[in-house]
Amino acid sequence: MSTSLEPLWLSMELAALVATLLLFIGMPVAYWLAFTPWRGKFLLEAVVALPLVLPPTVLGFYALLAMGPSGPLGKIWVLVFGHGLAFTFAGLVIASMFYSLPFAVQPLMISFENIDAKLLNASAVLGADASRTFRSVILPLSRPAIITALVLCFAHTLGEFGVVLMVGGNLPGVTRTASIAIYDQVQSLDYRAANRTALTLLILSFTVLSIVYAVNRRARSRAWMPWTTS
């Protein structure tokens, strides 16, 4: 692989892995937040949304402390795998999952909350348990939200800088992502290379966001179709 393309491919690998993991982690969290009657759920909602307002360097700093040799995650990782977690690709994945968590949970939670309760009640009357109702009713109706969550997590992780810099540093082939490469290229006054990398990220980000809007527009059109044809 070309050295110039290596940071971009590493960023895409990181973003794809984080988006996939967050879909499986965020779905049960979103389901619980959408349907639990617990009044204190706003506390968990605030924790999930915290990365939206917290500076990435702050999140990266505390993630670095947790993954360090004296941190809880770092100690567990050393016991299990025999090496440290900080400044590794695995460390980037874990930190990025915290950083992009709200982009997975919030679209899914909103979709779950907007499902017609009559459909859920009908499923229960027909004898379906919660698990079957989730698979047969909730998931099919939430397909646009699932795609949105995947794409937003991918795009958000693809361009992250602060968390990556704090947790992963700048190790070529290991933690040197595209955003770090742009920073290095600007620092070395190689604006042509920085422009190429930045333009690639711009095109990728525009493409994935276009997918989100196209999917949501199509879903809204289908929802209104019965009314327009009646």
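Which residues does Val164 touch, not counting residues up to four places away in sequence? Val164 touches Leu92, Gly169, Thr175, Thr177 and Ile180, where contact means heavy atoms within 4.5 Å.

This is a predicted model, in which local features need pLDDT of at least 70 and side-chain atom pairs count only at pLDDT 80 or more, while totals for chains, interfaces and linings use all residues. Residues are numbered from 1 along each chain as its sequence is written, and side-chain values use heavy atoms, with hydrogens and water left out.

Val164 lies in helix 9, residues 162-168; helices here are DSSP runs of H or I with at least four residues, numbered from the N terminus. The relative accessible area of Val164 is 1%, so this residue is buried. Buried means under 20% relative accessible area, exposed means over 50%, and partly exposed lies in between (1.4 Å probe, protein chains only). Between the C-alpha atoms of Val164 and Phe89 there are 9.7 Å, although the two residues are 75 apart along the chain.

The largest nonpolar core has 44 residues. Such a core is a set of buried Ala, Val, Leu, Ile, Met, Phe, Trp, Tyr and Cys residues joined through side-chain atoms within 4.5 Å. Leu22, Met27, Leu108 and Phe112 have the most contacts inside the largest core.

Leaving aside neighbours within four places in sequence, Leu22 is in contact with Met27, Met97, Ser100, Leu101, Ala104 and Cys153.

Helix 1 (residues 6-35) also packs against helix 2 (residues 41-53), at an angle of about 145° and with the axes 10 Å apart. Axes are lines fitted to C-alpha atoms over the stretch in contact, and angles run from 0 to 180 degrees between N-to-C directions. On the side of helix 1 the contact is made by Val29, Trp32, Leu33 and Ala34, and on the side of helix 2 by Lys41, Leu44, Glu45 and Val48.

One salt bridge is counted, meaning a side-chain nitrogen of Lys or Arg within 4 Å of a carboxyl oxygen of Asp or Glu. Arg176 and Asp184 form this bridge, at 3.2 Å from N to O. Asp184 is partly exposed, with a relative accessible area of 21%.

Terms used: Helices (H or I, at least four residues) and strands (E, at least two) are DSSP runs, numbered from the N terminus.
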